[in-house]
Amino acid sequence: MTIAPDLIAIDDFFGAPAAAGARISPDGTRIGFLAPWKNRLNVWVQDIAANLSAETDARCVSADKTRSVMHFRWTDDPRWLLYLQDTGGDENYHVFRVDLDDSRCPAVDLTPFPGARAIALEPVRGQAGSYTVLLNARNPAEFDLHTINVATGEIELIGHSSGTDRMVMLGAGGILVEQEMTDDGHLRLSRVDQSGTRHPIASFDATDYPVGITPTQITPDGTGLWMGSTRGRDLTHLVRVDLDSGEETLVDSHPTLELDAVRRAVAQTSPPLICDCATGALLGVRYLGERQEIRALDPAFAEILGALEQLSDGDIGELTSDRSGLRWTVSFVHDRDPSVTYLYDHATGASRRLFRPFPHLDPNAMAPMTPVTITARDGRPLPSYLTLPLGQEPTALPLVLLVHGGPWYRDSWGFDPGVQMLANRGYAVLQVNFRGSTGYGKAHTNAAVGEFAGAMHDDLVDAVDWAVQQGYADRERVAIMGGSYGGYAALVGATFTPDVFAAAVDAVGISDLANFMRTQPPFLRAGLVNNWYRFVGDPSDPEQEADMLARSPITRLDAATAPLLIAQGANDARVTRAESDNVVDILRSCGVDVDYLVFDNEGHGFVNPENNITFYREVERFLAAHLGGRELSPDRRALHALNGSSS
């Protein structure tokens, strides 16, 4: 007889972590990390001793009471620390400086331009205290290259963008490197000399790069560019492009796996290239299949990598080191014990666990995430992940088909609090890397051209059929759920195949493809050419617009019969609130049961813990009502709040 595990409170899954995102200072004497302050993640700093023990109590050095800080970095001067922050989810990130020597000094906005967005913050090698950053302060659709002097706050324009489809980087000797989309559909790299003259270096078929070339990283000597390339291959590999001759040479590749580049760029995590903190030399490269593989390109790093891998059976996640390359922080990706973080000293071989972000979650109470491969109706393999609830026979379960966003993204092995909450409530959870997903070669991605609400959705339906045929799922109790593109897929499921899904959950999902493309913020529009326009169509062309509308849930809402839960951020810059408001109004006028949540202080996705808790409480209630999963009773929820632990 199997016994279902105790229900774990929503707060325990979606509350703020106790600590996260550790980074060691360049001098190796301090750790920075994110931890709650006034229910928002802020930056904390702690001194560490020679034996790796904590030398002082941690202190909070940022003070944002409104929205959690998600990204920070050390500078080469131990006095200063930088972090990024937007306003209410509007994605207009600014760079803030913290003075670690003066706790009374408030954070200073180094990019104080209203409505501007700061991206690609990078140190300038050989110029202490100087960083480059791309800003759209002059024109919302164009990003100019600036340098920032961290100590003085002085900001200088050094590279003027000459178009909405151009991005600029800094090479050796003040030479600028420009990436642009040409009229004939190519991505061209050019060297821009001090007179402003452009000298083409290399050109790439843009159809191979729907979200642009990534990574693109100037080599430490400034004479080359490391970049992900698919030239002549299906899988992305790493090459070096010489900035003078344009010669392309192979740096590293994997015979069966793709460089883990696009997923990391979209998720805004560290790039797939692991580089020396002091010199910028390339140490290792990350590839991703069912699990991660890191290829060490430096013998000394290979030794360090081997030692770090002994600390956990998970995959190495975020990794930072001091300038000596001896002291490291490392977190681990794991499906049941997320982001456990260690401090390691290679000089002595000593290590210390810094924290478990969610110490109240028992890994043995979490459900394993199992890679599976599903065959689509046309024979295409669909790499997927299946999570089954613990303590239940894996037969005829209610199933949640959880669809990733993008769609130029991929699901990967690791801890997902939403998946674990659903499994804890008794649902099987299936995540499918349908055609159009990245990470499996350009052929798999390009198979989605023209297939929105077509073969892309067929892949999802085929996955449901597979789960039923394997005996895991009860065909009458299947829900589809997702955010962004995944929200679009949920709406397509409810309106194009209403007989397949008993319920749908849409978070910030697209309902009208044409309107979505027309209302994109200026900072995104240039990037639409090679993804949305190529894969879906041009809304300014009447024939293509008609096809886009035929693939849009907004034109088929009268076909929906299953109940829906829709959630929206009021400040969403990508999928506007008006779009979701319209969907809800029409569905309700058609007599469809719709629950609607709007979060006034969120954008395209939800960051603040209380909003995630509210959303997933509604998901729990909604799915229990329509699929029959388990639900934590209000009395037990209140008891949990009183005791501060799971019940």
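Mentor: Contact means heavy atoms within 4.5 Å. Keep that in mind for helix α6. This is a predicted model.

Trainee: What covers the buried residues of α6?

Mentor: The cover includes the strands β29 (369–375), β30 (381–387), β31 (397–403), β32 (428–432) and β33 (473–483). Helix α7 is also among the covering elements.

Trainee: Why is α6 called mostly covered?

Mentor: A residue is buried under 20% relative accessible area. In α6, 12 of the 15 residues are buried. Among them are Met456, Leu460, Val464, Trp466 and Val468. Asp459 and Asp462 are on that list too.

Trainee: How do you know that the span of α6 agrees with its number of residues?

Mentor: The expected span is 1.5 Å times one less than the number of residues. With 15 residues, α6 should therefore span 21 Å, and its end C-alpha atoms are 20 Å apart, which agrees. Just after α6 comes Gly471, with a positive phi of about 90 degrees.

Trainee: Which residues make the contact of α6 and α7?

Mentor: From α6 come Met456, His457 and Leu460. From α7 come Tyr485, Ala489, Val492 and Gly493. By class, this contact has five nonpolar, two polar and no charged residues. Gly counts as polar here.

Trainee: Now to the strands. What makes β18 and β19 a pair?

Mentor: Two strands pair if there are at least two bridges between them. β18 (residues 224–229) and β19 have six, in the antiparallel sense. Gly228 stands opposite Leu238 in β19.

Trainee: Which residue of β20 does Leu238 stand opposite?

Mentor: Asp252. β19 and β20 (residues 248–252) pair over four bridges, again antiparallel. They form a hairpin with five residues between them. In its turn, Gly246 has a positive phi of about 80 degrees. β19 (residues 237–242) is itself mostly covered, with five of its six residues buried.

Trainee: What do β11 and β12 form?

Mentor: A hairpin, with five residues between the strands. β11 (residues 142–149) and β12 (residues 155–159) share four antiparallel bridges. Leu145 has Gly159 as its bridge partner in β12. Gly153 in the turn has a positive phi of about 80 degrees.

Trainee: Why do β1 and β4 count as edges of their sheet?

Mentor: The open sheet has four strands in the order β1-β2-β3-β4, with antiparallel pairing. β1 (20–24) and β4 (59–60) each have a single partner strand, so one side of each lacks a neighbour in the sheet. β2 (residues 30–37) and β3 (residues 40–47) are joined by eight bridges. Leu34 has Val43 as its bridge partner in β3.

Trainee: One last residue. Why is Asn611 called buried?

Mentor: The cut-off is under 20%. Asn611 has 8% relative accessibility, so Asn611 counts as buried. Asn611 is found in helix α13 (residues 609–627). Neighbours within four places in sequence aside, Asn611 is in contact with Phe599, Asn601 and Glu602.

Conventions. Residues numbered from 1 in each chain as written. Predicted model: local features only at pLDDT ≥ 70, side-chain atom pairs only at ≥ 80, totals over all residues. Heavy atoms only, no water. Helix = DSSP H or I, 4+ residues; strand = E, 2+ residues; numbered from the N terminus. Buried < 20%, exposed > 50% of the residue type's maximum accessible area, 1.4 Å probe, protein only.
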